Structure formats: structure tokens, C-alpha cells
Amino acid sequence: MSLDLPSTGCRSTPVLKERGQREVFCGLTGIIWLHRKMQDAFFLVVGSRTCAHLLQAAAGVMIFAEPRFGTAILEEKDLAGLADANAELDREVARLLARRPDIKQLFLVGSCPSEVIKLDLARAAERLSSVHSPHVRVYNYSGSGIETTFTQGEDACLAAMVPTLPASTARELLIVGAMPDVVEDQCLSLLTAMGIGPVRMLPARRAGDLPAVGANTVFALVQPFLGDTHAALTRRGARHLAAPFPFGEEGTTAWLRAIADEFGVSRDLFEQVTAAPRARALKAIATQSQELRGKSVFFFPDSQLEIPLARFLTRECGMTAIEVGTPYLHEGLVGPDLDLLPQGPVISEGQDVEKQLDRQRAARPDLTVCGLGLANPLEAEGFSTKWAIELVFTPVHFYEQAGDLAGLFSRPLRRRALLNKEAAE
Ligand code: SF4
């Protein structure tokens with residue numbers, strides 16, 4: 001006789017896999033938050049005027065600082081194979097580095113056009129690294145919109161750095177994923193108060209602070225979209241600490257608990273360090289989630305944050321998830337969040353946008369989380385929407401941001417209620 005106990009989470013829920021037309025931004029978008037984080041890095045997109053416009057529009061114009069990203073524009077003659085794009089790239093890079101001695105890390109970022117003409121940026125990075133080292137390290141990764149979603153840009157960037165990190169046998173904790181400095185400092189202060197250290201970060205703020213890695217490195221991810229970086233670190237012998245992602249009070253506590261257990265922190269000390277920020281987070285969530293309780297939410301696949309956020313909204317804010325769509329479902333990363341997500345929603349991977357829109361319209365959710373391209377038409381149809389991209393531009397991790405995270409979802413509902421009231425008057 002065997003006992004068949006029902007699972008309470010969604011880990012074993014069958015996944016609806018879809019392939020079709022998608023509505024997503026490209027991986028170049030990641031440059032916007034990565035260039036703010038890595039203070040001596042420069043991101044050189046090798047692309048078209050469209051790529052340059054996307055970056056300018058997303059980043060705004062910087063007036064006071066020297067820019068830390070730019071586009072080497074492939075002109076007609078490059079695209080037609082009439083010019084030696086490699087020679088031109090070498091020349092542009094030499095000019096840039098001569099003018100900007102503050103640059104210590106240079107990322108050559110591939111785009112749709114550079115991939116279409118098969119410009120080998122991996123070889124270019126190797127060649128340029130040997131010319132400009134040791135002052136500058138040159139990396140390459142792809143931010144192209146061919147088969148990607150926008151958060152893959154950060155993943156590709158960090159994964160490109162991993163093979164070049166120095167080797168180490170030290171037992172160290174590595175935190176992986178870009179966070180605003182203020183949030184990173186909160187994370188480090190909680191870990192330090194538990195006696196855990198030294199703690200390394202990837203990405204580091206400066207090239208000189210890059211971590212070393214080896215078989216005694218344990219790493220925790222703060223973003224669920226870092227599948228390639230996870231694989232690259234695992235290849236270097238490092239071990240991943242799987243845990244729910246640090247969104248909301250529950251996610252943050254579970255994430256910290258996994259690290260604390262690994263480093264032998266006592267329950268008492270853990271309680272002592274986390275009690276006050278936990279209480280603050282719970283209070284802030286309770287205030288911000290009043291409009292969310294009893295409401296339904298539908299996620300289109302976009303940021304790859306969908307599963308951890310559905311867990312937060314259902315368990316901590318009282319919402320019901322109808323469908324949780326994600327571009328890619330990496331069970332090794334989001335498995336612990338799936339375990340906690342109450343059964344009920346459709347879990348979908350990939351996208352066939354017309355079919356998904358049909359499901360969304362039939363379900364009439366109170367809140368729809370989606371990309372910019374879908375948000376405006378859905379708003380015009382009377383749906384409340386949240387732009388998924390805001391979730392990566394806004395500080396949302398850890399206890400002190402938990403209330404703001406709930407607030408990001410309650411604001412569109414409040415706005416819709418006001419609009420409906422005005423229309424009724
Ligand atoms: S990389 Fe591709 S999708 Fe992104 S802006 Fe350039 S051309 Fe457009």
C-alpha cells in the first residue's frame with residue numbers, strides 16, 4: 001500500500017507550453033540597470049540606429065555624467081559586407097578607451113543586426129582584450145531580440161563574466177544578480193549581523209571587487225532569470241543554494257534562512273536579526289495590499305519574475321492567480337517558489353500571444369501583468385494593467401521594499417477605481 005498525499009504547491013502542476021508570436025523587449029534593456037551598477041564598465045552595443053534609439057529612449061539623456069553605454073552603428077556598407085566591420089570596431093574601441101581611462105570593463109553587446117551579418121564578437125572581445133589588457137577587460141554577450149526576453153540581457157552579461165573570474169578555494173558566499181546599491185547594502189547588513197562573511201557580489205560595483213570562485217563557493221541568486229549564469233557558476237564548481245526569491249516578507253525570510261542554515265546560524269540569532277525588519281515588512285504589506293485582497297491577477301510572460309511574484313501576491317497579499325505565464329520555466333531556480341504557490345492557476349511557459357489574450361479576456365482578471373506592448377490596448381479595453389518592466393527598474397527586493405512591491409500592484413487598481421468613479425459621475 002502506498003500513501004498518495006496531495007501536493008499543496010504548483011511544482012507538479014502540468015505546464016502549458018506554448019510557442020508562437022511573442023510580445024517582449026530585447027536584452028539590450030538590461031544595459032540600463034547594469035551600467036548604473038557597474039561603475040567602471042562601458043556597454044558598447046554593436047547594432048543599428050534602432051538599437052541606439054531603444055537605449056536612449058529607455059535610459060533618458062544623461063546630462064551630468066559621461067555616458068557609460070553607446071552604440072557602434074552598423075551602416076549600410078557594413079551590413080552589405082562592403083566594409084571590414086572588425087577593423088572599424090577596433091578603431092572605435094581604441095578611440096573610446098583613449099578618451100575614457102576610467103573604463104576598466106568593456107562589454108561588446110551583440111544585437112539583431114550584428115548577429116544577422118554574423119559579426120563574431122567573441123573573437124573581437126578576445127582580440128581587443130589582448131590589446132587593451134591589463135587596463136581593460138573586454139567581454140561580449142548578446143542582447144539581441146532574436147528569441148530573447150529583456151531580462152536575458154543581464155543573464156548573458158553575468159554568464160560572460162563567470163569564466164574569467166579568478167579561481168579560489170575559500171568558502172565564501174556569492175550573491176548573484178544586480179540590485180540597486182541601497183538594496184544591496186540592506187542585504188549585506190542582514191547577512192553581516194548574522195556573522196556571515198565575507199560576502200561577494202556579482203556583478204561587483206567595480207572591476208577590482210570582482211569575486212573569485214571555486215568548489216567552496218556557495219551562491220544565492222536574487223533574480224530568477226539567471227539560468228545561464230547559474231549554469232556557468234556550476235561549471236566552475238560553485239554550489240547553488242535553492243530558495244524562494246527575496247520578494248516580500250516570506251520570500252526574504254526563506255531566502256535568508258537557506259543561507260543562514262548553510263552557514264550554521266542559530267535560530268535565535270536569525271530571529272534576533274530579522275524580527276524587526278520582518279515586522280516592518282508585514283505592516284507595510286498589510287497597508288499596501290488592502291486593495292489587492294480578494295482580487296485576481298493574470299501574468300503574461302515577460303520579466304521571468306512571474307512565478308515568485310505570483311507566490312508573493314497570492315500568499316502575502318490575498319490575491320488569486322488565474323494564469324502565471326513565464327517565458328522560461330527553470331525548475332532548479334523557481335522550484336521553491338512553485339512549492340509555495342497555491343494550486344489553482346494555469347502555469348504556462350512560452351507564448352502564443354493571441355491564444356493567451358483570448359484566455360485573459362475570458363477570465364477578466366482584476367489585474368493583468370504584461371509588457372508595454374499589451375498594456376495600452378488592454379487598458380483601452382477596460383483592464384487594469386501593470387507593466388512588468390517596472391519590476392526590474394524599481395527596488396523591490398528584501399524587507400524594506402516589500403510594501404513598495406505590493407504598492408506597485410495596488411496602484412493600477414486604485415487608478416482604475418478612480419477612473420470608473422469619474423466616468424460614473
Ligand atoms: S537588438 Fe534587435 S530588437 Fe533590440 S533594438 Fe536592436 S534591432 Fe531591435
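# A walk through the helices, core and ligand shell

User: How far apart should the ends of helix H4 be, going by its 15 residues?

Analyst: This is a predicted model, and helix H4 covers residues 85-99. At 1.5 Å a residue, its 15 residues should span 21 Å. The end C-alpha atoms of H4 agree with that, being apart by 21 Å.

User: Which residues of H4 are buried, and where do they sit around the axis?

Analyst: The buried residues of H4 are Ala85, Leu89 and Val93. They cover an arc of only 65° around the axis, so they are on the same side of H4. An α-helix has 3.6 residues a turn, so residues three or four places apart point the same way. In short, the buried residues on that side of H4 are Ala85, Leu89 and Val93.

User: Which residues of H6 are buried, and what arc do they fall within?

Analyst: The buried residues here are Leu121, Ala124, Ala125 and Leu128. They line one face of the helix, because seen down the axis of H6 they fall within an arc of 100°.

User: What covers the buried residues of H6, and what is exposed on the other side?

Analyst: The cover over the buried residues includes E2, H4, strand E4 (105-110), helix H5 (112-116) and strand E5 (137-142). On the other side of H6, the exposed residues are Arg123 and Ser130.

User: Is Leu121 buried or exposed?

Analyst: Leu121 is in helix H6, residues 121-132. Leaving out residues up to four places away in sequence, Leu121 touches Val46, Leu108, Gly110, Ser114 and Asn140. Because 24 other C-beta atoms lie within 10 Å of Leu121, and 20 or more is the cut-off, the word for Leu121 is buried.

User: How many residues does the largest nonpolar core have, and which strand gives the most to it?

Analyst: The largest nonpolar core has 118 residues, and those with the most contacts inside it are Phe43, Leu44, Val46, Phe107, Leu108, Val109 and Leu313. The strand that gives the most to this core, with 6 residues, is E2 (residues 41-47).

User: What does Leu44 touch?

Analyst: Leu44 is one of the residues with the most contacts inside the largest nonpolar core. Not counting residues up to four places away in sequence, Leu44 touches Gly70, Ala72, Leu106, Phe107, Leu108 and Val109.

User: Which helix gives the most to the shell around the ligand?

Analyst: The ligand is surrounded by residues including Cys26, Gly47, Cys51, Ser111 and Gly145. The shell divides into 5 nonpolar, 7 polar and no charged residues. With 3 residues, the helix that gives the most to this shell is H2 (residues 49-59).

User: What is the phi of Gln304?

Analyst: Gln304 lies in the loop between strand E10 (296-299) and helix H12 (306-315). Gln304 counts as buried because 26 C-beta neighbours are inside 10 Å. Although Gln304 is not a glycine, its phi is positive, about 70°.

Key:
Residues numbered from 1 in each chain as written. Predicted model: local features only at pLDDT ≥ 70, side-chain atom pairs only at ≥ 80, totals over all residues. Near = placed C-beta within 6 Å. Helix = DSSP H or I, 4+ residues; strand = E, 2+ residues; numbered from the N terminus. Nonpolar A, V, L, I, M, F, W, Y, C, P; charged D, E, K, R; others polar. Buried ≥ 20, exposed ≤ 12 C-beta atoms within 10 Å, placed from the backbone. Contact = placed C-beta atoms within 7 Å. Core = buried A, V, L, I, M, F, W, Y, C linked by C-beta atoms within 7 Å. Expected span 1.5 Å × (residues − 1). Arc of directions from axis to C-beta.
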